[in-house]
Amino acid sequence: MDFRVKNISRIRRFPSAQDGLRAMAQRAPEAEAIAASWIEYIRPFAVQAYVFRRRIATITVAVLAGLLFVHVMFGANGMVVYKRKRAEYESLQKRILQEQKENDIYTEQIHGLKTDEKAIEKEAREQLRYARPGEYVYVPSTPAGPAPVNHSAKK
């Protein structure tokens, strides 16, 4: 079997650093010409931007201030959300005070039922409908329930 390489020219040789510098130096005038043409193309826009730099800066600052204002007012933790949370907090505080007053009333009633005989007698008369001998207990009649539904035709 013959293992000889027939076409050596297809093997690629890596360029050296000097070759890269040489190629770059050869193409430098082209690159300078391209850069000069781009500069001439962009220069009028740069001059206009330089002339209007204060207006551009003012508009940019105004837009950023507007965006910051919108974020502060309507963002996730903005003023609108803060006001809503504050109102909810105040309503909860009022509810806590109301519940504490109600608890104080119940605590006084419990204490009275444990110690005061008149309070015990009053509760027994009201809830259990107890009466002393010779007294009458008035019991209001219970209202009749809703009229039964009759699906027959009226005459």
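**View 1. Nonpolar surface patch on the predicted model.** Ile34, Trp38, Tyr41, Ile42 and Phe45 make a nonpolar surface patch of about 600 Å². Patch members have over 30% relative accessible area and no salt bridge, with nonpolar side chains (Val, Leu, Ile, Met, Phe, Trp, Tyr) joined within 5 Å and like charges within 9 Å. A salt bridge is a side-chain nitrogen of Lys or Arg within 4 Å of a carboxyl oxygen of Asp or Glu. Areas follow the Shrake-Rupley method with a 1.4 Å probe; for residues, only the protein chains shown count as cover. This is a predicted model: local features need pLDDT of at least 70, side-chain atom pairs pLDDT 80 or more, while totals for chains, interfaces and linings use all residues. Residues are numbered from 1 along each chain, and side-chain values use heavy atoms, without hydrogens and water.

**View 2. Ile42 in helix H1.** Ile42 lies in helix H1, residues 17–51. Helices (H or I, at least four residues) and strands (E, at least two) are DSSP runs numbered from the N terminus. Ile42 is partly exposed, at 42% relative accessibility (buried is under 20%, exposed over 50%, partly exposed in between).

**View 3. Aromatic cluster of Trp38, Tyr41 and Phe45**. Rings of Phe, Tyr and Trp (its six-membered ring) pair if their centres lie within 6.5 Å; planes under 30 degrees apart are stacked, over 60 edge-to-face, the rest tilted. Trp38 and Tyr41 are edge-to-face, with centres 5.9 Å apart and planes at 90°. Tyr41 and Phe45 are also edge-to-face, at 6.2 Å and 70°. Tyr41 is exposed at 54%, and Phe45 is exposed at 56%.

Methods. Buried < 20%, exposed > 50% of the residue type's maximum accessible area, 1.4 Å probe, protein only.
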